Amino acid sequence: MLLTISTTVRPATDLGFLLHKHPDRVQEFGQSYGTARVFYPEASEERCTAALMLDVDPVRLVRSRGRSTPDYALGQYVNDRPYAASSLLAGALADVFRTARTGRCVSRPELAAGPIPLEITLPALPCRGGPELAHRLFEPLGWEVEARAVPLDEGFPEWGDSRYVRLSLCGEVRLADALNQLYVLLPVLDDAKHYWIASDEVDKLVRAGESWLAAHPERGLITRRYLGRRWALTRTAFARLAELGDDVEEELEPPVEEETAAFGAPEDPDAGPAEAPPGGTAPSGGTAPPDGTAPPGEDAVEDAVSEGTAVPAQGGPVDDGNVPEVGGRRPLNVLRREAVLAVLGELGARTVIDLGCGTGQLVGALLADPSFTRIAGADVSSQALAVAARKLRLDRMPDRQRARLELFQGALTYTDDRFSGYDAAVLMEVVEHVDPPRLAALERVVFGAARPGHVIVTTPNAEYNVRYEFLTGMRHPDHRFEWTRAEFAAWAERVCAEYRCTVAFRPVGDDDPEVGPPTQLAVFTLGGTE
């Protein structure tokens, strides 16, 4: 199977620095099921192409199957796995380009940090859903998509199309994002994996999809397929995505019709691997090495510390972000936003700035209430602001409503006159993403320079983490810290002493008698500009 990545950025040979693979050499990487090779068919200053070719050994692939996997005789050896892009290629991509996926490049840091013109080609890609599904998954990510169905036999057009497509993607995308998107979406399009799907797959999905999955309109389908429709893992993944802040919308769309018709009800999370059809791997579990772990190509790429998952313990409150209400319990990200809106109403605030607005969930809720006459959203990420503008339909917004809104890029650790002049400022799930040595700068900017009438701060309650089953670290890999209730109170009191204000605390979510609420909220009253 073959994957090519081309760029026309000048000089185009800088692609070698970004991929950490020299254009003048052919490099080989052993996999548990074959050999991956990286080479450059073309390398000039005008255009450079890197190719990843995976040579799968069917015998080695069969020998890596778990002992409990059904034996279908020739079906183990005669299938499309060596020839069509799938989770095998995704695993090899993750192994070979592990550093490139993190976006690190000491030699060309600015080039690695921003979008570059890319063209990606996959000659044969299994796509259960046809070319239309490829468009649905890649176009929202900024790609121009060409997906052509491969006929079963060109000599007999009446036989129709196969389930394979030739895929070409063109666009200006950050290379690390492109690699992570392919890592997730290749097995999603194939709707199968060659290894057993365990709980660590949630960590892989959240890390690979951190910058794009939460805002993707097909995130429900992507998450279900990537996790093999294991409902327990899917529910965990939505909880983790919801913990990113307000970047996840309130409702999880139900499974699309083509999925429910083909596969029926969600799989029992305690069930074993699905039975493999003759001539293929298991649709959601697939093969596994004898020790039951994923192949080296999959596990070796996980450079970050494993985060664990965030499913509430039995009987605990549900913090499932995108999952619909269950038994009257509501997602935590919805409760957070409602709590902030309620406080703003009680304060009588009419002008509000959302500092660290992300993709604009709170901004949208503020716009829906005409009592807020002036609204601003600021974020350090231009990508998040672009998503916010799209989701808010900024280009089609009525002039009267558009006049109430301002979106702009800004860092909360640097004084900015645009932060000033508001009745209230909101820092919703923001402070925990700031390095502790930089917190003083944020305090000086918000409480000292901008100095709105009120500041509303929400942040996770670290004590509540014990209520999340499988969670072994902080709730999100970008969190620099998570405070206990005592630590949050101590920080707030220090801010009040330094900037002459008062503070009151409120719980958000079910207030557990032992560990407190999942989210803690503080309302600072500053009294306006001095």
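Trainee: Which salt bridge do the side chains of Asp 395 and Arg 396 form, and what is its N to O distance?

Mentor: This is a predicted model, where local features need pLDDT of at least 70, side-chain atom pairs count only at pLDDT 80 or more, and totals for chains, interfaces and linings use all residues. Residues are numbered from 1 along each chain as its sequence is written, and side-chain values use heavy atoms, without hydrogens and water. A salt bridge needs a side-chain nitrogen of Lys or Arg within 4 Å of a carboxyl oxygen of Asp or Glu. Asp 395 and Arg 396 meet in one, with N to O at 3.9 Å.

Trainee: Are Asp 395 and Arg 396 buried or exposed?

Mentor: Buried means under 20% relative accessible area, exposed over 50%, and partly exposed in between (1.4 Å probe, protein chains only). By that scale, both Asp 395 and Arg 396 are exposed.

Trainee: What separates Glu 498 and Arg 494 in helix 18?

Mentor: Their side chains meet in a salt bridge at 3.8 Å, N to O. Helices are DSSP runs (H or I, at least four residues), numbered from the N terminus. Glu 498 and Arg 494 are four residues apart in helix 18 (residues 485–499), so the separation is about one helical turn.

Trainee: How many salt bridges does the structure hold?

Mentor: Some join into a network, including Glu 42, Arg 47 and Glu 119. The structure's total is 25.

Notes
Helix = DSSP H or I, 4+ residues; strand = E, 2+ residues; numbered from the N terminus.
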